[in-house]
Amino acid sequence: MSKITTAPQPSRLSLFWHKWRFHINILLLLIPLGFMPNYFAEQALFRGDAGLGEREIGEIPVGPWSLRLAEFRNEAPRSDGTAGYLKGFSAALCTTCVEGVKATYLRIGKPRSLRAAGSIFFGTPYNMGTQVPIPDKTKPDAELWITMEGWDGSMHQASIPLSQASPATIAWLNKQGAKP
């Protein structure tokens, strides 16, 4: 007597996979394509191809020099957890002052000295960036101070109202409520 063996029936998942695997794999390739325009827009912003930032503030004279300042993202400050809330700005030095400027700093409130000048800009002179801490007691009428240090040891400062530099930060401060 011979025993007849039958092959086990394929599972439903196996049947589904064999029937639809080509379509599922195509879908897995197409999904990332939907995110590509946003990715390329972000890369253009980081490279500087789309300008200095989402919101250009304009040319600001600082002593004998000047710089173009921009709000990197037109949004409220972000919290990184340990340093509190930070706001990103980007800048570009004028073409005639690139050789004379050693460092550029940015902070909210007038600096007491060069040691407290604020966040230093990093990057090339034509596309620099920094993250400015937003103190807890920042008032909506605060000023954003730019400090530029020259190779000859000179220091020049200028200020612009925070409301002109970042309306989104002012709206965020008003939403947070005035802190004493």
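# Checking the labels, one by one

Biologist: What makes strand S5 and S6 a pair here?

Modeller: This is a predicted model, and in it 2 bridges join strand S5 (residues 101-108) to S6, the two running antiparallel. Pairing needs at least two bridges, so S5 and S6 qualify. Across that pairing, Leu106 stands opposite Ser119 in S6.

Biologist: Why are S6 and S10 called edge strands?

Modeller: The open sheet has 4 strands in the order S6-S5-S9-S10, with antiparallel pairing. Strand S6 (119-120) and strand S10 (155-161) each pair on one side only, and they are the edge strands.

Biologist: On to the rings. Why is the pair of Tyr39 and Phe40 called edge-to-face?

Modeller: A search of the whole structure turns up 2 aromatic pairs. For Tyr39 and Phe40, the ring centres are 5.4 Å apart and the planes meet at 65°. The centres have to lie within 6.5 Å and the angle has to be over 60 degrees, so the edge-to-face label holds. Tyr39 itself is partly exposed, at 43% relative accessible area.

Biologist: And what makes the pair of Tyr85 and Trp172 tilted?

Modeller: Their rings sit 4.7 Å centre to centre, with 55° between the planes. Stacked would need under 30 degrees and edge-to-face over 60, so 55° leaves tilted. This pair links distant parts of the chain, with Tyr85 in strand S4 (residues 85-93) and Trp172 in helix H4 (residues 167-176), 87 residues apart.

Biologist: Is Trp172 buried or exposed?

Modeller: Buried, because its relative accessibility is 14% and the cut-off is under 20%. Tyr85, at 31%, counts as partly exposed.

Biologist: How do you know that Arg73 and Glu42 form a salt bridge?

Modeller: Their side chains come to 2.6 Å, N to O. The limit is within 4 Å, so this is one. Arg73 sits in the loop between strand S2 (65-71) and strand S3 (78-79), while Glu42 belongs to helix H2 (residues 36-47), 31 residues apart. Arg73 is buried at 15%, whereas Glu42 is partly exposed at 25%.

Biologist: Why does the pair of Arg68 and Glu56 count as a salt bridge?

Modeller: Their closest N and O atoms are 3.9 Å apart. That is within 4 Å, so the name applies. Arg68 lies in strand S2 and Glu56 in strand S1 (residues 55-62), so the bridge ties together parts 12 residues apart in sequence. Both are partly exposed: Arg68 at 35%, Glu56 at 40%.

Biologist: Which other residues take part in salt bridges?

Modeller: The structure holds 5 of them. Arg78 pairs with Glu75 at 2.7 Å between the closest N and O atoms, and Arg55, Glu71 and Lys87 are linked in a network.

Biologist: What makes Leu29 exposed?

Modeller: Exposed means over 50%, and Leu29 reaches 60% relative accessibility, so it gets that label. Leu29 lies in helix H1 (residues 12-30). Together with Phe22, Ile26, Leu30 and Leu33, Leu29 forms a nonpolar surface patch of about 530 Å² accessible area.

Biologist: Where does UniProt place the transmembrane region?

Modeller: The unreviewed UniProt entry puts that feature at residues 20-40. In the model, the span is 76% helix and 0% strand, and its end C-alpha atoms lie 32 Å apart.

Conventions
Residues are numbered from 1 along each chain as its sequence is written. This is a predicted model: local features need pLDDT of at least 70, side-chain atom pairs count only at pLDDT 80 or more; totals for chains, interfaces and linings use all residues. Side-chain values use heavy atoms; hydrogens and water are left out. Patches are made of residues with over 30% relative accessible area and no salt bridge: like charges are joined within 9 Å, nonpolar side chains (Val, Leu, Ile, Met, Phe, Trp, Tyr) within 5 Å. Accessible areas come from the Shrake-Rupley method with a 1.4 Å probe; for residues, only the protein chains shown count as cover. Buried means under 20% relative accessible area, exposed over 50%, partly exposed in between (1.4 Å probe, protein chains only). Rings of Phe, Tyr and Trp (its six-membered ring) pair if their centres lie within 6.5 Å; planes under 30 degrees apart count as stacked, over 60 as edge-to-face and the rest as tilted. UniProt positions are given in the numbering used here, feature names are shortened, and annotations may be inferred rather than shown by experiment.
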